[in-house]
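Dear colleague,

Please read the notes with the model open beside you.

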Amino acid sequence: MSEPAEQSTATAEKAPTDDPATVTAPPRHRTLRTRLRHFRARVRGNPRANLIWRIVVGVLGGLVLVAGIIAIPYPGPGWLIVFAGLGILATEFTWAGRVLRFARHHYDRWMAWVGRQSIVVKCLLGLLTCAIVLATLWLLGAPYLVAELVGLGHWTWLQSPL
């Protein structure tokens with residue numbers, strides 16, 4: 001029974017004190033965020049690598065943003081994709097951070113407004129969303145493609161005007 005008491009005093013002696021003179025060693029592993037910051041600092045130090053990095057982030061963020069804008073009227077995470085694209089762009093471009101804050105603020109206001117409306121207004125907004133989805137699908141030629149697959153290719157009114 002004397003061993004546990006000895007162990008507790010041994011660990012108590014090794015416990016860090018509040019003395020500012022004692023400095024604890026930094027952890028051996030760095031967090032992912034710290035490693036990414038160090039990587040980004042090295043890239044910033046090289047002008048050519050920095051330019052390439054900013055171009056890659058701009059293209060990637062722009063593609064995600066455009067995909068999100070296209071996906072907004074469709075069921076699914078359209079706005080989430082838009083905010084992700086703006087977030088990617090905001091890592092390198094301050095204007096994108098401002099646009100992200102602006103868009104999130106107005107999105108939250110819009111959703112709060114919709115939440116306060118009657119069921120009639122919500123249904124009208126749902127019908128408007130359906131009309132936008134159907135119009136974009138028609139412009140892309142999706143209804144005619146499906147009609148051809150099921151043997152209704154003679155329904156030429158489903159063809160896209162584009």
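**Helix packing and pockets**

In this predicted model, the axes of H4 and H5 come within 7 Å of each other and cross at roughly 155°, where axes are lines fitted to C-alpha atoms, for helices over the stretch in contact, and angles run from 0 to 180 degrees between N-to-C directions. That angle makes H4 roughly antiparallel to H5, a term used for angles over 145 degrees. The contact brings Trp79, Phe83, Leu86, Gly87, Leu89 and Ala90 of H4 against Trp95, Ala96, Gly97, Val99, Leu100, Ala103, Arg104 and Tyr107 of H5, contact meaning heavy atoms within 4.5 Å. By class, the contact of H4 with H5 has eleven nonpolar, two polar and one charged residues; here Ala, Val, Leu, Ile, Met, Phe, Trp, Tyr, Cys and Pro count as nonpolar, Asp, Glu, Lys and Arg as charged, and the others, Gly among them, as polar. Helices are DSSP runs (H or I, at least four residues), numbered from the N terminus.

As for conventions, residues are numbered from 1 along each chain as its sequence is written, and side-chain values use heavy atoms, with hydrogens and water left out. Because the model is predicted, local features need pLDDT of at least 70 and side-chain atom pairs count only at pLDDT 80 or more, whereas totals for chains, interfaces and linings use all residues.

H4 also packs against H3: the axes of H3 and H4 come within 7 Å and cross at roughly 165°, which makes H3 roughly antiparallel to H4. By class, the contact of H3 with H4 has twelve nonpolar, six polar and no charged residues. Among the H3 residues that meet H4 are Gly58, Gly61, Gly62 and Gly68, and the H4 side includes Gly78 and Gly85.

The axes of H2 and H3 come within 5 Å and cross at roughly 115°. In this pair, Phe39, Arg40, Val43, Arg44 and Gly45 of H2 meet Pro47, Ala49, Asn50, Trp53 and Arg54 of H3, and the residues of the contact divide into five nonpolar, two polar and three charged.

A pocket is an open set of points, on a 1 Å grid over the protein atoms alone, where a 1.4 Å probe fits, with protein on both sides within 12 Å along at least five of seven lines, and lining residues have an atom within 4 Å of a point. A volume is the space filled by probe spheres set on the points, which are joined across faces, edges and corners. Of the 16 residues lining the largest pocket, Ile72, Pro73, Trp79, Trp110 and Thr129 lie nearest its centre. Helices H4 (78–90), H5 (94–116) and H6 (119–140) each supply at least two residues of this lining, and H6 gives the most, with six. The lining has eleven nonpolar, four polar and one charged residues.

The second largest pocket has a volume of about 200 Å³, and H2 (32–45) and H3 (47–71) each supply at least two residues of its lining. Its lining residues include Arg40, Arg44, Trp53, Ile88 and Glu92, and by class the lining has seven nonpolar, one polar and three charged residues.

With best wishes

How values were computed
Angles under 35 degrees count as roughly parallel, over 145 as roughly antiparallel, 65 to 115 as roughly perpendicular and the rest as oblique.
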